[in-house]
Amino acid sequence: MAYFGSSREWNLNAVGAPEAWAAGYTGKGVTVAVIDTGVDLDHPDLVQNLYVNPGEIAGNGIDDDQNGFVDDVHGYDFVDRDATPDDLNGHGTHVAGTIAAARNNIGSTGVAPDAKIIPVRVLDRNGSGSDASVAAGIRYAAKLGADIINLSLGGVYSRAIDTAISYARSLGSIIIAAAGNESAAVPGYPARFSATDDNVISVGAYRSSGRIASFSNRVGNSGSVQIDAPGVGIYSTYMGGGYATLSGTSMASPQIAGLAALTLSANPNLTSRELRDLLATGTSGRAAGSDSLGKANASITVAYAAAGLKTVSTAPAGQRAAATTATQRSVTARTTAADDSLFVASESIAKIDFKKADVTIRSSDPITPISQPTSPNSKPLFLDAVGVTQTKAFDVFFASYNADEREAEAANELRSLV
Ligand SMILES: [Ca+2]
Ligand SMILES: [Ca+2]
Ligand SMILES: [Ca+2]
């Protein structure tokens, strides 16, 4: 895959978004609530991706869908308590653009350029708000059916937000939360709820150099489920129809919200727990200096989602998985990305085909002793990944095996997954 855009778009390339787009996954059909300072509702790079509440008629003064909010066609404003969640700060517009600015050759491009943004304003023009407003915004978004809720905000523990997150979990929303910018040893809340709520994931920020941002909060002893995403020098939409380059874990969190949208568009049936598992396990090495699970990577999570898988099992790079039980009939193969294609390359052994949600092992690939072509429409009996190299972000290990025909051979050729 060629590099998308310019160095200004380093974040998109770092998270592997162009590969997911090329495979047909752009976040279409997925809704992402931005609980923030609001969104520039007239921004030319965002207007087409604003969620429209299908049950609400605009401007008639009636709560048509009876969700408790009058005329909430494009989200809601919990600061001014009206149905115009416009942005008077800029932060929320930047976050929204990172998730879903249009891919239209103007301005900036979101990680999931066909996802829909639900603007929920809970922070004022100074970027401040109450935990009651944040909790109300989370509840509102969850009730509206938001698949993903981005929280690029933080503070101390809040019982109101705690219960709102539990409510969102009960309705199936995953919550992506910024780890915080205090250079602290542990994340702030609500990101730290990832230690206790399986629908929450915490996001740290790394630089284009691959090093963790000095300001980014770490995992420490918090038990948080945290991954890292680009969060320094992020170019995105800004209020007033403009653009801005900002840094912070607030900028990293929406990369993951976008990545989650790409992943859900590849498999809309994933639960919030399964989606978190894919995001948390589908990483490609750690940012230097980080203690998180690793750097987020669409090329892994989206491929797995497309294949109908729910977790990425990992082992040290270079090791192979093997059939260890009668039912777990699998072997692994390695594919190394070439510049023009992520999933087929000169060393290709296995190919994952996003569009068929299937794995095909090509008979021409140079690993006939352990591989076997499967029919184009067949589901693999089992698929297992065993790790990602540290040196090339796009190296992915896949596994597939036609156990019925090659089982004996597999037993001879492969070692058990560690
Ligand atoms: Ca309503
Ligand atoms: Ca109405
Ligand atoms: Ca654009």
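Visitor: Why is strand β1 (residues 31-36) described as largely enclosed by the rest of the structure?

Guide: A residue is buried if 20 or more other C-beta atoms, placed from the backbone, lie within 10 Å of its own, exposed if 12 or fewer, and partly exposed in between. In β1, 6 of the 6 residues are buried, so the strand is largely enclosed. Both faces are covered, with T31, A33 and I35 buried on one side and V32, V34 and D36 buried on the other.

Visitor: What kind of model is this, and which pLDDT limits apply?

Guide: This is a predicted model, in which local features need pLDDT of at least 70 and side-chain atom pairs count only at pLDDT 80 or more, while totals for chains, interfaces and linings use all residues. Residues are numbered from 1 along each chain as its sequence is written, and chains are lettered from A and ligands numbered from 1 in the order in which they are written.

Visitor: Why are β2 and β7 said to stand at the edges?

Guide: The open sheet has 7 strands in the order β2-β3-β1-β4-β5-β6-β7, and the pairing is parallel. Because β2 (76-77) and β7 (226-230) each have a single partner strand, one side of each is left without a neighbour in the sheet. Elsewhere in the sheet, strand β4 (residues 148-151) is joined by 4 bridges to strand β5 (residues 174-178), with I148 opposite I174.

Visitor: What makes α3 largely enclosed?

Guide: The same cut-off for burial is applied residue by residue, and 10 of the 10 residues of α3 are buried, so the helix is largely enclosed by the rest of the structure. The buried residues of α3 pack against β1, β3, β4, β8 (234-238), β9 (242-246) and α6. Helix α8 (residues 298-306) is mostly covered, with 9 of its 9 residues buried, and just after α8, G308 takes a positive phi of about 80°.

Visitor: Which residues have the most contacts inside the largest nonpolar core?

Guide: A nonpolar core is a set of buried Ala, Val, Leu, Ile, Met, Phe, Trp, Tyr and Cys residues joined through C-beta atoms within 7 Å. The largest such set has 102 residues, and V32 and I99 have the most contacts inside it. Helix α6 (residues 249-266) gives the most to this core, with 10 residues. Two residues are in contact if their C-beta atoms, placed from the backbone, lie within 7 Å; leaving aside neighbours within four places in sequence, the contacts of I99 include V32, V34, P254, A257 and A261.

Visitor: Why does D71 count as partly exposed, and why does R81 count as exposed?

Guide: D71 has 19 C-beta neighbours inside 10 Å and therefore counts as partly exposed, whereas R81 has 12 and therefore counts as exposed. Most residues other than glycine have a negative phi, and most peptide bonds are trans. D71, in the loop between β1 and β2, has a positive phi near 60°, and R81, in the loop between β2 and α3 (91-100), has a positive phi of about 55°.

Visitor: What is the omega of the cis peptide bond that joins Y189 and P190?

Guide: Omega for the cis bond joining Y189 and P190 is about 5°, and P190 is found in the loop between β5 and β6 (200-206).

Visitor: What is the mean pLDDT of the protein, and over which residues is the pLDDT below 50?

Guide: pLDDT is the predictor's confidence in each residue, from 0 to 100; its mean here is 79, and 74% of the residues reach 70 or more. Over residues 314-418 it is below 50, although this stretch has 209 contacts in the model beyond near neighbours in sequence. Where pLDDT is low, the predicted coordinates should not be read in detail.

How values were computed:
Helices (H or I, at least four residues) and strands (E, at least two) are DSSP runs, numbered from the N terminus. Two strands pair if DSSP finds at least two bridges between them.
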